[in-house]
Amino acid sequence: MVEDAVAAEKVWGVLERLTPLGWQTESYRAQLHLKTSGSRVEKRDSFLMEAHQEKDRQIIIRLWQGNKLLRRAHIGKGHQEPDGGPFFCGPHIHFPTTVFREIGGRQARTRVYHWSVPEEISLRDAIALFALEINLTTEMPEPEIRREFQ
């Protein structure tokens with residue numbers, strides 16, 4: 001079911017540029033919609049993508065369907081997976097499995113695959129490349145600025 005949702009063709013809704021939180025330098029959020037109707041994925045919650053860059057230049061991008069996190073991309077500082085898991089030094093994307101269902105926090109043990117993007121990339125460019133990973137088939141819109149805090 002998770003993989004069906006990720007593979008389903010999606011289109012952009014409104015892309016909002018948010019006021020970044022204290023540890024962030026830039027932050028975005030976008031509602032996503034299915035390109036075609038009638039699939040079993042459509043019967044579930046809507047999609048939301050969140051992305052931010054931190055002051056230490058790390059980039060985190062998340063794809064949600066309702067309250068279920070389907071993908072979490074990470075660019076920047078390598079990190080050790082919890083409980084003696086592997087060390088990941090390059091850009092990668094976390095995904096849930098039947099064994100590791102929770103990928104929400106950086107402390108959750110997960111499965112990952114390497115992501116072929118440059119380490120030095122702008123957040124907007126990272127979002128555009130992540131869009132390809134999650135089958136977001138339309139061009140990224142210009143962001144609307146939302147001034148209030150998240």
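Arg71 is found in strand S5, where strands (E, at least two residues) and helices (H or I, at least four) are DSSP runs numbered from the N terminus. This is a predicted model, in which local features need pLDDT of at least 70 and side-chain atom pairs count only at pLDDT 80 or more, while totals for chains, interfaces and linings use all residues. Residues are numbered from 1 along each chain as its sequence is written, and side-chain values use heavy atoms, with hydrogens and water left out.

Arg71 counts as buried because its relative accessible area is 6%, the classes being buried under 20%, exposed over 50% and partly exposed in between, with a 1.4 Å probe and protein chains only. The side chain of Arg71 meets that of Glu3 in a salt bridge, with an N to O distance of 2.6 Å; the term requires a side-chain nitrogen of Lys or Arg within 4 Å of a carboxyl oxygen of Asp or Glu. This pair links distant parts of the chain, since Glu3 lies in helix H1 and Arg71 in strand S5, 68 residues apart. Glu3, at 39% relative accessibility, counts as partly exposed. The C-alpha atoms of Arg71 and Phe130 are separated by 9.7 Å, although the two residues are 59 places apart along the chain.

## Other salt bridges

Side chains of opposite charge can pair when their charged atoms come close. The structure holds six salt bridges, and one of them joins the side chains of Lys35 and Glu9 at 3.6 Å, N to O. Here the pair links Lys35, in the loop between S2 and S3, with Glu9, in the loop between H1 and S1, across 26 residues. Lys35 is partly exposed, with a relative accessible area of 44%, and Glu9, at 38% relative accessibility, also counts as partly exposed.

A further salt bridge is formed by Glu120 with Arg57, whose closest N and O atoms are 3.7 Å apart. Glu120 belongs to the loop between S9 and H2 and Arg57 to the loop between S3 and S4, so that this pair, too, links distant parts of the chain, 63 residues apart. Glu120 is exposed, with a relative accessible area of 63%, whereas Arg57 is partly exposed at 49%.

## The sheet

An open sheet of eight strands has the order S9-S8-S5-S4-S3-S2-S1-S10, with mixed pairing; two strands are taken to pair if DSSP finds at least two bridges between them. The edge strands, each of which pairs on one side only, are S9 (111–114) and S10 (144–145).

S1 and S2 run antiparallel and are joined by seven bridges, and they form a hairpin with five residues between them. Within this pairing, Trp12 has Leu32 in S2 as its bridge partner. S1 and S10, by contrast, pair in the parallel sense over two bridges, and Arg17 stands opposite Ile145 in S10.

## The nonpolar core

The largest nonpolar core has 28 residues, of which Trp12, Leu32, Met49, Ile61, Ile127 and Phe130 touch the most other members; such a core is a set of buried Ala, Val, Leu, Ile, Met, Phe, Trp, Tyr and Cys residues joined through side-chain atoms within 4.5 Å. Two or more residues are given to this core by each of helix H1 (2–7), strands S1 (10–18), S2 (24–34), S3 (47–54), S4 (59–65) and S5 (68–75), and helix H2 (123–133). The largest share, five residues, comes from H2.

## Helix H2

In H2, the buried residues are Leu123, Ala126, Ile127, Phe130 and Ala131. Seen down the axis of the helix, the buried residues of H2 fall within an arc of 145 degrees, so they line one face; the arc is that of the directions from the helix axis to the C-beta atoms. An α-helix has 3.6 residues a turn, so residues three or four places apart point the same way.

The buried residues of H2 pack against S1, S2, S3, S4, S5 and strand S8 (92–95). H2 is followed by Asn135, whose phi is positive, near 65 degrees.

Technical notes
Contact = heavy atoms within 4.5 Å.
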